Amino acid sequence: MKHIKCECGHVNPEGTVLCEACGKPIEGNQHIDGNDRKKLLNMRYEGSARRSQTYNKSIIDKIWSFFSSVKVGVWLIVIALVASAIGTIYPQKMYIPADAISRDPSIFYEETYGLTGKIFYQLGFHVLYSSWWYMLLIALIGVSLVICSLDRFVPLYKALKRQKAKRHPSFLERQRLFSQTDHVTDGEKEQVIQALKKQKYKVRHEEGHILAEKGRFSRWGPYVNHIGLIIILLAALLRTSSFMYIDEYVWVREGEQTVIDGTDSQFYIENKEFILETYDENDERFAEAIKKQGAIPSNFQTNVIIYKAKEQEVPGQELELEVYDEAEIYMNHPYKFEGYTLYQAGYQLNEFTTMTFAVTDINNNEQIDQFMIDLTNPQETYELNDGFRVMISEYYPEYYMSDNGPDSRTDNTKNPAFVFAVSTPDSEGAEVSFVGDYMNTPTNFDATGENDYRVELIDAEMHNVSGLTVRRDYTLPLFGLGAAIFMIGVMQGMYWQHRRIWVNVKGDGVLLAGHTNKNWFGLKKDIEKVISDTSINQVIDQQELD
Amino acid sequence: MSLEDRKASKHKKKKQRLVFRAIILSVLLGAIVYALVDNLQKDKSIYKVGDEAPDFELLQVNDNNEMEKVRLSELRGKGVMLNFWATYCDPCEAEMPYMQSLYPEYKEKGVEIVAVSLDGAELRINRFIEKYGLTFPIPHDKKDTVRELYKVGPIPSTFFINPEGVIVDKVEGALTLESLEGHLEEITPQ
């Protein structure tokens with residue numbers, strides 16, 4: 001194929017279906033837009049030469065034309081949709097419940113869901129949304145979006161720019177709205193032009209031929225829309241960089257001071273108080289619901305002090321902190337500072353802060369002394385009255401009985417237990433007793449059964465632990481921009497229409513044709529107004545219903 | 001326009017088109033590769049193999065070791081195994097005897113084992129040290145500063161740092177005796 005010179009004199013790029021200037025159907029190319037099988041012309045891209053449909057020589061061109069196909073794009077979207085849907089059938093790996101048979105995915109899915117679960121796991125659907133092929137699929141949709149848009153926008157833009165007022169009769173005849181009038185006076189033509197201008201059409205007048213156009217802007221809607229989508233995809237891509245997006249979680253118990261994750265050790269947080277308020281059960285509005293399901297929280301709140309670390313030579317423990325700010329963090333009231341946002345996200349109630357024990361003589365029930373253990377930092381030994389001394393042999397902050405004997409699950413003081421060694425002034429050795437597990441089966445175990453002294457819990461103080469989400473998201477404005485551009489594109493394409501009316505001279509009369517990308521009724525009304533009081537025939541809707 | 005001119009301009013256009021397409025496609029390919037590689041990297045920490053290990057200083061709590069403080073930069077010239085652990089973590093407990101059994105030999109060869117404890121109560125660390133007779137330095141990271149610095153996720157987590165202060169390996173999860181020895185060999189000064 002070569003460049004095609006139309007009889008109107010315009011040279012069209014190869015692959016052109018309708019001459020860019022006069023619209024004459026170009027012989028041999030009509031199959032591209034399916035014009036060979038219909039009376040009406042396919043006007044979607046103005047019959048312009050979409051390059052991808054014509055050149056297919058190098059590998060670059062082949063890749064290009066593959067992605068420029070809308071069919072390919074739609075299939076990519078369908079595959080992504082189906083895969084996303086399948087991924088929701090069973091929980092993703094990170095959502096395997098804590099009380100599941102096993103948190104090991106190779107066991108969990110098969111045990112819980114049987115064969116389908118096994119297949120789900122083996123095909124990798126349990127980590128679908130971070131699997132390479134899923135991400136590749138999303139990326140390919142992005143590629144398809146870019147190439148499809150470029151491949152259509154450029155030729156369409158050129159075709160609309162190069163169009164002439166004079167069109168080939170065969171182009172006009174094959175428009176959906178068309179009429180022919182044999183005798184029209186110059187006065188009537190002038191009248192038509194004035195009427196078109198009145199209706200805010202841009203009128204071009206070339207050698208007696210008229211092209212009236214309105215709302216070409218609407219044709220760019222889809223491309224503007226795609227630019228918005230591409231910006232959204234880019235924003236999602238940027239979220240993978242830790243500069244643009246940080247999402248961390250920090251647990252801080254009341255009274256504790258700890259680093260805020262994600263802030264490069266620049267900021268520290270102290271939990272002054274965690275508050276959990278519930279709805280009043282005496283309020284008749286809530287009483288019934290509370291009776292049904294127990295206390296209902298009305299507020300979770302953490303009062304915090306934020307510290308900023310002073311410039312230090314090396315990170316470590318001897319850091320100097322200065323108070324940066326104090327804040328109350330609760331639902332819908334995150335605390336924002338220096339680009340970071342802290343959200344109230346979780347809590348743990350009732351961990352032990354201190355425990356006070358009494359040492360008592362079993363024989364006469366006389367209390368020797370008391371001592372208080374700070375559970376966050378217990379001492380090795382506690383000196384008591386009269387030369388008594390208690391040594392902590394073992395300390396389990398969250399006691400449980402493991403397969404290998406007593407152990408601690410974490411270092412959270414949820415269920416403390418101790419092995420005490422009590423040494424008395426008058427005997428050489430020490431009496432050993434196991435004390436604790438107050439949350440399950442309170443134990444005060446005497447290993448030998450011959451102890452003379454008992455260590456008893458007499459008092460305890462509790463604290464709560466607050467969980468805060470730390471987030472920094474510089475990509476949000478970009479998401480907002482993308483979404484705004486997306487919406488502008490949608491509106492541009494939806495609320496405006498590209499209407500064109502051609503009035504071409506033929507002999508003594510005129511050929512009248514109209515085209516719009518939507519709302520044909522409106523265009524017909526426009527034409528009706530334009531030709532009223534003239535002898536020009538109203539257009540006939542030649543729509544083919546197939 | 002003569003036929004030759006037209007041919008020449010057509011040829012030029014074809015070339016331009018190819019270059020344009022190649023550029024667009026390679027930009028898109030670049031973005032995809034970046035997105036995939038970045039997302040599939042399990043290791044989200046800032047410091048990766050090949051980076052210089054960031055310096056820190058912590059108080060040391062093991063009485064069996066003469067060091068008072070551990071400052072990483074002062075260990076330059078020695079290979080350093082930087083281990084993050086806690087007393088309540090069973091896999092950490094499992095690898096501790098291996099570390100202790102190899103420590104005296106590799107200390108001679110110029111390798112230091114630094115086991116940063118993420119525990120709360122020092123008492124528990126002391127009991128643990130007694131139980132396993134540990135002699136290597138155990139800094140106590142009370143405020144989680146160093147954990148955050150190294151972006152340590154699940155423990156145990158171990159960085160192997162060569163005498164030049166560069167991270168040569170990072171292991172998440174417990175080490176066996178053999179693999180531990182292999183890693184220590186790797187960071188032994190020549």
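Colleague: What should I know about numbering and about the kind of model before I start?

Modeller: Residues are numbered from 1 along each chain as its sequence is written, while chains are lettered from A and ligands numbered from 1 in the order in which they are written. The model is predicted, so that local features need pLDDT of at least 70 and side-chain atom pairs count only at pLDDT 80 or more, whereas totals for chains, interfaces and linings use all residues, and side-chain values use heavy atoms, with hydrogens and water left out.

Colleague: How many helices and strands does chain A have?

Modeller: Helices (H or I, at least four residues) and strands (E, at least two) are DSSP runs, numbered from the N terminus. Chain A has eleven helices and 24 strands. Along its principal axes, the C-alpha trace of chain A spans about 135 × 60 × 50 Å.

Colleague: What is the order of the elements in chain B?

Modeller: From the N terminus on, the elements of chain B run α-β-β-β-α-β-α-α-β-β-α. The radius of gyration of chain B is 26 Å, well over the 16 Å from the globule rule for 190 residues, so chain B too is more spread out than a compact globule. Its C-alpha atoms fill a box of roughly 95 × 35 × 30 Å, taken along the principal axes.

Colleague: What percentage of the residues of each chain count as buried?

Modeller: Buried means under 20% relative accessible area, exposed over 50%, and partly exposed in between, with a 1.4 Å probe and protein chains only. In chain A, 47% of the 546 residues count as buried, and in chain B the value is 51% of the 190 residues.

Colleague: Which residues of helix α3 in chain B are buried, and what covers them?

Modeller: In α3 (residues 122-132) of chain B, the buried residues are Leu123(B), Arg124(B), Ile125(B), Asn126(B), Arg127(B), Phe128(B) and Ile129(B). Contact means heavy atoms within 4.5 Å, and the cover over these buried residues includes β15 (389-396) and β17 (405-408) of chain A, together with β3 (79-85), α2 (90-108) and β4 (111-117) of chain B. After α3(B) comes Gly133(B), whose phi is positive, near 55 degrees.

Key: Rg over C-alpha atoms; globule rule 2.2 N^0.38 Å.
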